[in-house]
Amino acid sequence: MVITKRPIMQTLSTRKLVIDIPGRPDGYPLNLTIEAGQVWGVLGPNGAGKTTLLHTLAGLRAPRAGSLLLDDQPTGSLKRRAFSQQVGLVFQDHQDGFPATVLETALIGRHPWLSPWQMESADDVAMAERALEALDVLHLKDRLVSTLSGGERQRVAIATLMTQAPHTWLLDEPSNHLDLHHQVAVMKLLTERAKAGNAIFMCLHDLNLAARWCDNILLMYPDGEACWGPAERMLVPNALERLYDQDLQTVEVDGAPFFVPKRG
Amino acid sequence: MTRSLLPPLLFLALASLLAMAVSVAVGSVALSPLEVLSVFFGNAEPLQQTLVLELRLPRTLSAFATGGLLAVAGALMQVLLRNPLADPYVLGLSGGAAVGALLAMLAGLGGFLVSGSAFAGALLSTFLVFGLAHGTGSWTPSRLLLTGVVVAAGWGAVITLMLAISPARELPGMLYWLMGDVSYARTPWPGLLFLLAVCLLIVPLGRSLNVLARGPLQAAALGISVRPMEWLIYVLASLLTATAVTMAGSIGFVGLVVPHMLRLVLGNDQRLILPACALAGGTLLVLADTLARIVIAPEQLPVGVITALLGVPTFLYLLYRSR
């Protein structure tokens with residue numbers, strides 16, 4: 001039984017990409033390459049354009065300038081469906097339309113992989129159930145999503161992305177609403193996916209989650225300035241203090257820096 | 001979503017056949033089930049043969065087609081607007097179609113041109129309501145419903161104006177547009193064929209509709225070209241409404257109550273809900289029309305009165321029960 005025919009994994013990259021935030025001057029052009037095996041963390045204060053960047057990378061809004069490439073091919077030349085087999089996104093907030101169960105919600109992730117005439121097969125259901133299990137929400141599979149707590153919904157959304165099984169995972173604050181244990185569980189899951197060959201690119205608000213789990217960091221400043229690179233080079237107190245306009249105290253845990261806001 | 005689609009659809013198909021049989025049997029001359037059967041096997045008395053095949057059956061089929069068209073139109077609009085309160089009647093589409101049809105009749109046109117004009121009216125009304133409610137933001141439920149209600153009231157005024165200035169001999173034929181009355185339907189076949197065509201088209205579209213019901217951004221992230229898809233639904237829903245209104249005038253609440261009831265029982269998979277709407281909407285209107293024929297016999301009620309009287313309390317009850 002073949003679960004899914006998987007095409008060759010394709011690397012998402014940007015060339016001189018300037019995101020379009022209405023009413024803001026052009027930001028620094030981004031030349032990012034989000035490679036298999038990498039875990040990217042995007043840090044920045046509120047309103048720096050993190051969500052806009054993720055939506056631009058997911059092809060949901062046009063950039064102001066520059067281009068988005070999938071293996072050196074402009075994404076504009078791809079069919080939406082083919083693109084969404086490669087790149088998937090977990091949104092920051094989840095709107096409910098009509099009532100749907102947890103399993104139905106996760107199964108929606110199979111959409112790009114099925115032809116119009118196909119029904120979801122038992123394999124697709126098994127895939128959705130495995131994803132729900134990985135996110136510790138399988139026991140809720142027959143519940144209506146509207147009856148879940150914020151953290152449970154967040155995990156269902158991540159499970160939906162896992163069911164979609166794109167190569168590049170874009171996540172907008174995946175640790176939102178999650179308790180400490182599930183924050184760690186989700187970060188572990190994401191790094192495991194990266195080891196298995198996926199590329200992970202997420203916005204985070206928690207510096208220390210980023211310090212612990214991300215190997216590449218993109219800092220987005222409110223004025224549109226941006227810099228990126230390996231985590232150990234980016235996560236330095238001076239840069240972070242300027243990023244958040246907040247004095248920080250640095251402590252060392254397990255040989256890695258951890259950041260605590262200074263009092264006063 | 002994974003459950004089989006066939007059993008509920010077969011059940012609904014049986015129910016609609018039963019409803020049609022009842023509708024054909026009931027009337028000033030009541031027929032027994034055996035007599036109805038013998039008509040279809042062609043060995044009944046000529047009088048019964050004529051009564052059923054030429055008088056009652058076309059009307060029953062028209063009622064079925066109209067109900068199915070309205071229910072599917074309602075269900076499609078609800079997906080488009082992600083709002084279970086959307087309905088061709090509530091949103092003023094039926095009113096627009098009625099104005100279009102009346103205008104054509106006033107101008108002395110007939111047949112095909114009346115239908116075309118009704119379609120243009122429905123489309124114009126959809127444009128007005130969706131365009132105005134959209135404004136600079138997105139389709140919020142309250143804004144949309146308010147716009148729809150106000151536009152519907154506007155169409156009502158236009159209709160009254162046209163009735164006031166039209167010649168008296170035209171009035172009976174025009175009035176039915178307002179009340180909704182299946183007895184004026186000329187032929188059920190275009191409506192039935194269109195309903196069937198839409199149901200077939202919906203099979204490959206169904207899963208995309210499910211995804212679209214999760215919101216436009218999520219749908220785009222899952223590979224749907226949202227704009228063309230929304231336009232397609234919008235045009236289809238207008239076409240369905242226009243066809244229904246052209247057949248039987250503006251009948252309310254079928255598009256609201258039928259999808260809502262079915263969703264409570266069958267869940268939310270559009271691949272199941274939309275064909276189920278066609279069958280259940282048809283069944284409901286066949287039964288309502290039968291009731292309209294017998295309740296104050298020998299006089300007949302416009303079927304729109306029955307659907308409103310059935311629809312309003314059912315809807316309120318369902319809304320109340322759902323939380």
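Is B:F253 buried or exposed, and how many C-beta neighbours does B:F253 have inside 10 Å? I counted 25 C-beta neighbours inside 10 Å, so B:F253 is buried. The term applies when 20 or more other C-beta atoms lie within 10 Å of the residue's own; exposed stands for 12 or fewer and partly exposed for the range in between, with C-beta atoms placed from the backbone.

**Basis of the entries**

I worked on a predicted model, in which local features need pLDDT of at least 70 and side-chain atom pairs count only at pLDDT 80 or more, while totals for chains, interfaces and linings use all residues. Residues are numbered from 1 along each chain as its sequence is written, and chains are lettered from A and ligands numbered from 1 in the order in which they are written. Helices (H or I, at least four residues) and strands (E, at least two) are DSSP runs, numbered from the N terminus.

**Positive phi values**

I placed B:F253 in the loop between α10 (226-248) and α11 (254-266) of chain B. Phi of B:F253 is near 75°, a positive value in a residue other than glycine. I kept in mind that most residues other than glycine have a negative phi.

**Sheet of chain A**

I traced an open sheet of four strands in chain A, in the order β2-β1-β4-β5 and with antiparallel pairing. Its edge strands are β2 (33-34) and β5, each of which pairs on one side only. I took two strands as paired if DSSP finds at least two bridges between them. β1 (residues 12-18) and β4 (residues 65-70) of chain A are joined by five bridges, and A:V18 faces A:A65 in β4(A). Two bridges link β4(A) to β5 (residues 73-74) of chain A; there A:L69 has A:P74 as its bridge partner.

I then examined the hairpin of β4(A) and β5(A), which has two residues between the strands. A:D71 takes a positive phi near 50° in this hairpin. A:D72 lies in the loop between β4 and β5 of chain A, and its phi is near 65°. I counted 9 C-beta neighbours inside 10 Å for A:D72, which is therefore exposed.

I checked helix lengths against an expected span of 1.5 Å times one less than the number of residues. For α3(B) (residues 46-81), 36 residues should span 52 Å, and the end C-alpha atoms are 51 Å apart, which agrees. For α12(B) (residues 270-294), 25 residues should span 36 Å, and the distance of 35 Å between the end C-alpha atoms agrees.

I looked for kinks by the angle between axes fitted to the seven residues ending at a residue and the seven starting there. α3(B) has a kink of about 40° at B:R56, shortly before the proline B:P58. In α12(B) a kink of about 25° is centred on B:C277. I noted that 26 of the 36 residues of α3(B) are buried. In α12(B), 22 of the 25 residues are buried, so the helix is largely enclosed by the rest of the structure.

**Contact between the chains**

I found 21 residues from chain B and 25 residues from chain A in the contact, taking residues as in contact if their C-beta atoms, placed from the backbone, lie within 7 Å. On the side of chain B, the elements that give two or more residues are α8 (189-212) and α9 (216-221).

Methods
Contact = placed C-beta atoms within 7 Å.
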